[in-house]
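Here are my notes for you to read with the model open beside them. Take the points in order and find each piece on screen as you go.

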Amino acid sequence: MNLTARLFWRDLRSGRLLVLFLSMVVATATVTGISIGVARFAAALTSESSVLLGADMRLRSAAAVPEEWMTAAAGLGLATSRTLRFSSMLFANDNLALSSVKAAGDGYPLRGALATSDTPFTEGAVTDSLPAPGETWLDSRLFALLGVGIGDTVEIGDAAFTVTKVLTAEPDPGGGMELLSPRALIRIADAERTGVLKPGSRLRWSYLVAGDAEARRRWRAMLTPQLGAGQRLDEVGNMQSTVGEALARVERFLLLAGSLAVLLAGLAIAVAARHYTAAHYDQVAILKTLGAGIRRIRILYLAGFAVLVAAAIVTGWGAGWGVQEAVVALFADNIRFTLPAPGARPFIAGAATALLGFFIFAWPPLWRLERASPLRVLRRDFPPAGRRPWLEPLLGAVGAAALVWWSAGDAVIALSLVGIGGGVAGVIGGGAFVALGFRFAAGNGRLRLALASLRRDRLLNSVHALVFGAAIMLVLLLAVVRNGLVAQWQTQLPPDSHNHFLVNISPDERDALTARLDGLGLARSEMRPVARGRLAGHDKTAGRRTQAEPLPRWSFMLSWSDAAAPPGDDELTAGRWFAPGDVGVSVDEEFADDHDVRIGDTLHFDLAGAAVAAAVQSLRKVNWQRIAPGFTFVFAPDALRAAPHVFMTSFHLPTARGGELVPLMRDFPTVSVLEVERLLSRVRVILDRASLAVELMLALVAAAGALVLVAGIRYSMAARRRQTALLRALGASRRLLLGALAVEFALLGLLAGAIAAIGAEAAGAVLQVRVFDLDYRAYPWLWLAGPLLGMAVVTLLGLAASRRVLAVSPLRVLL
Amino acid sequence: MHTAEGRLDILSQISITVEAGASLAITGVSGSGKSTLLGLLAGLDAPTEGEVFLAGRPLHQLDEEARALVRARYVGFVFQTFQLLPGLSALENVMLPLELAAADGEGLTADPRKQAADYLDKVGLTPRLSHHPRQLSGGEQQRVAIARAFASRPQILFADEPTGNLDRASAGRVAELLFQLNAGEGATLILVTHDAALAARCDRGIALAGGRLQS
């Protein structure tokens, strides 16, 4: 074995390189794993949204569009299909039921899949076929309403169809009122036979395309100027869903957690490298005395570190792959993950992070090592060369920003994290330095020894408090964000979330149905009136020339309220709520932002030919992720009461009581029931898994934090070694010394934890509100958990390290 | 040297010449500048003013890299605190200067292991080749350091209080070895010591006080 290998092997065996190695593994694993994981999450997110459309892009229209439009799409290499949806009464066995019929063309669906079964109200299996000509697949509810079974015949309009399957799931379930009617699926070629394709029929065409993004962009560019009234293009990316939002937040959380883990790993690398350097000054001095020059010393150490970094990178790649596989496996049952194209990028990114981490955090202290003066062989206290105390923290801060930028791909997050971190570090370090300067009257021997030790090396102990505080703060910070996310998900879907909607309730059924629901003892939302109308015009207040988006051409569900406050969860954000005699309208603030609608503007609506104008009187924040009726436009009662309308409501029906719906549906045959329990369960499972994924990342970051603590403790023990040996030589008992060290570490941990709690609370508030769009929540437990966690962890790790130090003979340390 | 408080003279007005093969003892009380002078003579540091020639090389004009090369070629060291690398065995510690020289293309021997073992044999430590410093007594550690100092066949040997950390018996044996090997190898010996008996064995001696030559 040559000299380099021998010295390196010796360092490996002493355990001095372990923390450095593990820190680089964490950095590589985090970036590699998150790079792959985020790509897969993004693909899953897109696929979730695609499933909602049944395609990558959808053109909705009230009338058939020119055939050339679809020919053009096909000409661009896009896959195409189409559906036609209409409402129709279904007849069978003298029973009738209102259904939303979907007539599907070849190739449907382009994204997602249909699922069918042979028995109503059971789980279905995915199928890639469609009903054969003359056949129909029905929603389970239609089997109950019509009293039919597989093989029976049902009439849709003028045509008869054989029921061959139960339709259990479909992509592109439609929206609004249509979503709420039970579905019947037929072939598009059979639609003509039903006789519904007559002028005046209310038809909804969907033209679906899927394929290359550039081809879609060109198709959209071609179509947009030609779109007429009632035509709208939907595309993946502007679709919002609870699941999509949750996954997007998981992705953001992964990036943040990754950045924090990389920062912590960097901190651990810096501390471990400093420890390594401090322990090697004498060795370098001896080697120099024996004739080794700076170049030789550099090669000697770099060669060893090259092996270490390479091993850490390879291990990190494996660990990163494993971690992302574990996260993805959590969701595998519920979300279809597409593997990103196999590429080297995540692995290069992981390796580059380890190398950057090494050169930014480890190289400056190692650089000082090669400059150690050979005079240390004559005087051990000879100071290391090239000390510029401000240079390394500055380099570290710039490097940390670069590293976070590199790992999170977001300069703002990087600069704010490092900026806030730097500020907090200054406060923590300064606070620790001041706190350690206080003189206490301590009678107890252990406490006196501990305080004396803390005060004697005040600067070094402040640096340790800073390192411990930063590690604890970053772990607490992630815990705060994790709690905010999980709490938000739980609020979004509490166990008693409404899982049924009742729609199409005529005004004369309203009271009877309300009484019936109340009689069943069901928790329900209030009955909300609904009228359908199109936005026909927008008069802006004088003096505004800003060009906003054109008016949306689709129809809205309009509602009104005579309550004294905004209905449901709606929150008034501007203007004032309606008073008796008002005829204004209240608008969703997001819509208002997008379309430059302001208080005082006048909006014109077209309600099936009748014109209604209303002044914008207030803006509301509408929680669209809550499962309950919500409306973009809510009118003052006098503005809309005369319009033709129906009512809708939602309620929670425990799964075991599902049978109680059948008599309700029979007694109110024109009322449609939409059951969203299955959708809710799926969302709930995904949110549960999202919470688990977030917790897994939290555990990873906590592990990185523990690495920092271990590195810091090891470093700090090196300083305490000689002092402890001296006290033992002077007759101090092992018990007294252990007690004093316990008190010393507990005080250091308490100080670090307390200041970490302040930092976590402040940084957590910024992250919750700015990065995760969550409402600010205070975490009083931080003020207890921070100091206690700091005290417990630092004391335990410190004592574990102290035992080894106390086991060494004082002679070996002092002589 | 210059400090925040102004100019500080550690050593001044010292002019000495040591002939090849001769031995010189440097004595003086603590803080008199003995170790500083040794560091300058051996090229461990460079003077802020003045000239130092070692084996004809102007150390005061050389940078650290070049001074390291001079040390590798011409110099051997023995220290009061032994300065062995704790993770290496006795044999590996003695091999160290030979390997460093070999890596720089300055190797004097084709087999550093054999040469190191030979020198350990000369200091009576053949049974302890694979022992690490912590497994050796102070006297034994200093004998390993002496073997290491001579293994690279230096022209000049610097010794800083070589017996300062040893009991009387060990100190006697170490001193005997030092002078015996030095005589055998024909090296120049420059010795810093408090021990008058040890100083007396050298060809000549100088005493320092307050950074100046006293005698």
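1. Let's begin in chain A, where L138(A) stands opposite A184(A) in β9(A). The strands β6(A) and β9(A) (residues 183-187) pair in the antiparallel sense over two bridges. Two strands pair if DSSP finds at least two bridges between them. Strands here are DSSP runs of E with at least two residues, helices are runs of H or I with at least four, and both are numbered from the N terminus.

2. Before going further: this is a predicted model, in which local features need pLDDT of at least 70 and side-chain atom pairs count only at pLDDT 80 or more, while totals for chains, interfaces and linings use all residues. Residues are numbered from 1 along each chain as its sequence is written, with chains lettered from A and ligands numbered from 1 in the order in which they are written.

3. β6(A) has another partner too: five bridges join it to β8(A) (residues 159-169), and these two run parallel. Look for T136(A), which stands opposite V163(A) in β8(A).

4. Zoom out on chain A and you get 22 helices and 22 strands. Of its 815 residues, 45% are buried.

5. Now chain B. Which order do the strands of its open sheet follow? The six run β6-β7-β8-β3-β9-β10, with mixed pairing. β6 (75-79) and β10 (212-213) of chain B stand at the edges with a single partner strand each, so one side of each has no neighbour in the sheet.

6. Inside that sheet, β3(B) (residues 23-28) pairs with β9(B) (residues 204-209) in the parallel sense over five bridges, and G28(B) stands opposite L208(B). β3(B) also pairs in the parallel sense with β8(B), over four bridges. There, L24(B) has I190(B) as its bridge partner.

7. Is β8(B) enclosed or open? Five of its five residues are buried, so β8(B) is largely enclosed by the rest of the structure. T188(B), I190(B) and V192(B) point one way, while L189(B) and L191(B) point the other.

8. β7(B) and β8(B) run parallel and are joined by five bridges, with A159(B) opposite L191(B). The chain gets from β7(B) to β8(B) through helix α6(B) (residues 168-185), in a right-handed β-α-β crossover: with the strands pointing away from the viewer, the path from the first strand over the helix to the second runs clockwise.

9. Follow α6(B) to α5(B) (residues 138-151): they pack at an angle of about 10 degrees, with axes 10 Å apart. Axes are lines fitted to C-alpha atoms, for helices over the stretch in contact, and angles run from 0 to 180 degrees between N-to-C directions.

10. Last stop, where the chains meet: 27 residues from chain B and 22 from chain A take part in the contact, meaning C-beta atoms, placed from the backbone, within 7 Å. On the side of chain B that touches chain A, α3(B) gives the most, with seven residues.

Notes: Buried ≥ 20, exposed ≤ 12 C-beta atoms within 10 Å, placed from the backbone. Contact = placed C-beta atoms within 7 Å.
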